[in-house]
Amino acid sequence: MSKLAVETSTGKKPVRTGGRKPIGQRMKEFVIDYRRQWEIQSMIIPGIIFMIIFCYIPIYGLTIAFKNYTVIDTLSSAPWVGLENFRIIMSDKYFWDAVVNTLGISFLKLGIGFIIPIILAIMIYELNSGRFKKFVQTISYLPHFLSWIVLGGMLITWFSTTGLFNQLLLSLGVISQPQNILLDAGKYWWIAVLSDIWKEAGWGTILYLAIMSKIDPTYYEAAKIDGASRLRQIWNITLPNMKSIISLNLILTVSGLLGSNLDQTLVLMNSQNRDKAEVINSYVYRMGMSQGDFSYATAVGLGVSIVSVILLVTANKITSKLNDNQSVL
């Protein structure tokens with residue numbers, strides 16, 4: 001009979017030889033580590049307090065989604081209506097129009113905006129001149145630091161009938177008479193996608209450039225000796241070493257498919273393009289802040305959050321399968 005079987009038959013608790021440590025032992029180690037580094041560990045306490053006050057306590061407010069809440073009610077006094085707000089959502093035409101617009105814009109951003117920062121990062125990394133590389137990085141980063149109020153005003157001016165865009169098209173003979181592009185609902189998706197890429201593509205290269213700077217140069221030297229072209233080196237060396245960060249960004253991007261840029265929408269949306277510009281975030285904002293239907297807006301936001309979590313977990317599972325069962329998150 002084995003030692004483990006003897007201990008089990010005599011009522012003694014088997015000694016763990018692997019796996020997770022008992023919770024008591026982990027707590028003891030945590031206390032020891034905290035006492036050893038209490039000055040550094042204490043620096044996180046303000047952050048924990050902040051998260052409790054502004055992230056966890058407000059979760060109680062999600063009960064509004066199941067109530068008929070008005071401004072004269074409190075969270076506890078508002079009458080319960082169960083899933084009535086969610087039933088209204090399922091039959092709301094304007095909500096589903098916002099869903100279509102959100103998914104359309106988000107998938108275009110995913111298909112185009114996800115690839116461009118990778119390509120731009122590789123192009124910047126391949127530059128030989130250090131000064132020119134820094135110049136390109138600075139120029140590409142700059143739009144990220146401008147708010148959508150500033151960029152939106154620039155776009156509204158450029159796309160007006162007397163703006164730069166129309167003047168350029170008229171001089172090239174592409175159009176015969178100027179038109180306000182932002183008033184054309186059919187073109188709004190592309191305006192939203194391309195302007196967002198213009199603003200964020202340069203900033204999105206930071207993580208990729210940081211990963212590429214850590215790649216061992218001897219890999220490229222060996223590839224040159226073997227006669228590999230520059231494109232072959234990028235395909236076989238650069239991209240495989242960026243696989244983990246690309247997977248992480250893909251997971252985060254997929255999880256945010258239902259969260260289109262609210263600032264961009266509020267700046268660029270007008271009465272003429274609303275049918276194609278209204279996204280879920282702006283719809284929730286309009287229903288909650290403009291029309292005062294807080295319960296309905298909370299129900300929509302809660303539903304979107306649940307779907308986003310599902311997308312996050314699903315994307316993580318898929319990428320873990322593609323990365324040899326190594327979970328990115």
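How do the residues of the lining of the largest pocket divide into nonpolar, polar and charged? The legends below take up this question for a predicted model.

**View 1. The largest pocket and its centre.** About 750 Å³ of space lies in this pocket. Its lining is made of 24 residues. Closest to the centre are Gly113, Phe114, Asp196, Glu200 and Thr253.

**View 2. Helices around the largest pocket.** Two or more lining residues come from each of these elements: helix H6 (93–113), helix H11 (188–200), helix H12 (205–212) and helix H15 (243–255). H6 gives the largest share, with 5 residues.

**View 3. Residue classes in the largest pocket.** Here the opening question is answered. The lining holds 12 nonpolar, 9 polar and 3 charged residues.

**View 4. The second largest pocket and its centre.** The volume of this pocket is about 210 Å³. In all, 13 residues line the second largest pocket. Ile89, Phe95, Gly303, Val304 and Val307 lie nearest its centre.

**View 5. Helices around the second largest pocket.** Helix H5 (84–90), H6 and helix H19 (294–322) each supply at least two lining residues. H19 makes the largest contribution, 5 residues. H6 gives at least two residues to this lining, and H6 also supplies 5 residues to the lining of the largest pocket.

**View 6. Residue classes in the second largest pocket.** This lining counts 12 nonpolar residues and 1 polar residue.

Conventions: Residues are numbered from 1 along each chain as its sequence is written. This is a predicted model: local features need pLDDT of at least 70, side-chain atom pairs count only at pLDDT 80 or more; totals for chains, interfaces and linings use all residues. Side-chain values use heavy atoms; hydrogens and water are left out. On a 1 Å grid over the protein atoms alone, a cavity is a set of points where a 1.4 Å probe fits but cannot get out, and a pocket is an open set with protein on both sides within 12 Å along at least five of seven lines; lining residues have an atom within 4 Å of a point. Grid points are joined across faces, edges and corners, and a volume is the space filled by probe spheres set on the points. Helices (H or I, at least four residues) and strands (E, at least two) are DSSP runs, numbered from the N terminus. Ala, Val, Leu, Ile, Met, Phe, Trp, Tyr, Cys and Pro count as nonpolar, Asp, Glu, Lys and Arg as charged, and the others, Gly among them, as polar.
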